Amino acid sequence: MPGERGSRARTLLTPDLDLSPVLPRIPKAIGAVAAAGAAIPAFSWLKDAGLVVGPPVTLALLLLLIFVCSGETVQTMLGGGRIGNRPLLRLVVASGVLAALCWTAGWSAFLPATAVLVGVIHIQRSGSWIWPIVGGVVTTFAVLGELGVALGLLPTVVAPEHSHIAALVMLGLAWLGIASVGTSVAERERSQNALARAEARLRALMESSTDVLTVSNSLGLLTYVSPAVERAMGYAPDALVGSPLLNLVDADYRTDVQNILADVIRQGTGARARLDVLVVHASLERRWYEWTVHNLLHDPLVEGFVVDQRDVTERLLHSEALAHAAAHDDLTGLANRGELMRRLAACLPEATPGAGVAVLFIDLDRFKEVNDTYGHAAGDSLLTVISERLKGCLRAHDHLARLGGDEFCAILTEVNDGAEVTTIVNRLAAAVQQPVVLRTGTVQVGVSVGAALATDGRCDPAALFAASDAAMYQVKNRRRRNDVLLRTDPAPSRRGSDGEPTGR
């Protein structure tokens, strides 16, 4: 259709143009034209004074051209790119226009001084690598200008011999200035590169680290969260910024953590604290983190308190496992002797009349026969069954331990009197004497129990333990395995002539 062809032709003749980079520079261009117009009278006055030899209008146009060439949006004939993206071409064009202005005005002697200003701008814009080239370009145009003066091709406002001397002096000063600027720019570049490398290393460390680094303000709101939080906890860093730090903490622990953080803030800049915190992941999984808190609220570069969060769940579980293994028997899972004595020392200070603490020393009878007849594996199975029976006969606040071999020990707390101890011992004996069915056959063992009761919180734990041990041996020696020999409030360890702890 004719209308469509006309529209297509207009489209081809007037392609879409992006004028957004040009529009902001229109006022500057108008100002430049106005300045060039104002420069014509100035150049005319200088020409009348003998300080300029060129036409004022030409000099004003060259001055306008210098402004145009300094614009970063000027398109070059080579490649159609920006002059600002081609530093060498930009340098040559700017220096050439400036040289044309100086040569036309008869100022060839002053060209190095004026060209050095262009050179300094280019060094600062393009980098230190260009400063020797700047010096070479300035030298080239200065030599060409003086050569033109010497051959009479270029006008000069001073005598040619004076122009040569002045140009040489100014060229030397220009080289000093260019080299100085190049050195300072190189130093700045080295500092910037070192800073960039440090930032890159820090960024790489933070992105690869499993530790989560957060910064919070004085209100406890997160202002920075490291990228590791997404891998470690499942949160997007940006989603956490602006939210309370305590939102990461399990609700049951928030008050304690808040109190510690408040104390760090009260201590002032530089204060530190370390604490274990139960953190809630995005998946609602809860894991233990070690928080290292550093108060930098008044540091102008940070303005917050920094928290380094490291997952220590596996370490804590391993430590707990080691602590449990160190305090418990491998075969039965009961507390060992050391743990028993620790618990006894903790219970005894609470002993009073009507709420005493009793120690039961329990020794199996005929256990050696089971080992000798059926083997140690059968003996281990028997000990496991007996330990479960003993636990079933005790109350929730009592304690049971395996001392080694076929020896056990129980701590009874909140004991009313000796009769209650006797009742519990009889229950233990009855349970132990029940037949035990093993893979190798059915066995039956007896038990000898010695008991010692303390109703005074000042009683020595070792003395009470020794008294129950001695009582058990007296029961075993009398061969009355179902009897109970109860000692009450034994004195601190003192041995009598019979080798047994003496009563009070």
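Tutor: Below, labels are set against their cut-offs; the model is a predicted one.

Student: How do you know that helix α5 spans what is expected of a helix with 16 residues?

Tutor: The expected span is 1.5 Å times one less than the number of residues. For α5, residues 111–126, that gives 22 Å. From first C-alpha to last, α5 reaches 22 Å, close to that expectation.

Student: What makes Leu 111 and His 122 of α5 buried?

Tutor: Buried means under 20% relative accessible area. Leu 111 and His 122 are buried, so each falls under that cut-off. Other buried residues of α5 include Val 116 and Ile 123. Just after the helix, Gly 127 has a positive phi of about 120 degrees.

Student: Why are β3 and β4 called paired?

Tutor: Pairing needs at least two bridges. Nine join β3 (residues 272–280) to β4, so the two strands pair. They run antiparallel. Val 279 stands opposite Arg 287 in β4. In their hairpin, Leu 284 takes a positive phi near 75 degrees.

Student: How do you know that β4 pairs with β5?

Tutor: The cut-off is again at least two bridges. β4 and β5 (residues 304–311) have eight, so they pair, in the antiparallel sense. Glu 290 has Arg 310 in β5 as its bridge partner. Strand β4 is mostly covered, with eight of its 11 residues buried.

Notes:
Residues are numbered from 1 along each chain as its sequence is written. This is a predicted model: local features need pLDDT of at least 70, side-chain atom pairs count only at pLDDT 80 or more; totals for chains, interfaces and linings use all residues. Side-chain values use heavy atoms; hydrogens and water are left out. Helices (H or I, at least four residues) and strands (E, at least two) are DSSP runs, numbered from the N terminus. Buried means under 20% relative accessible area, exposed over 50%, partly exposed in between (1.4 Å probe, protein chains only).
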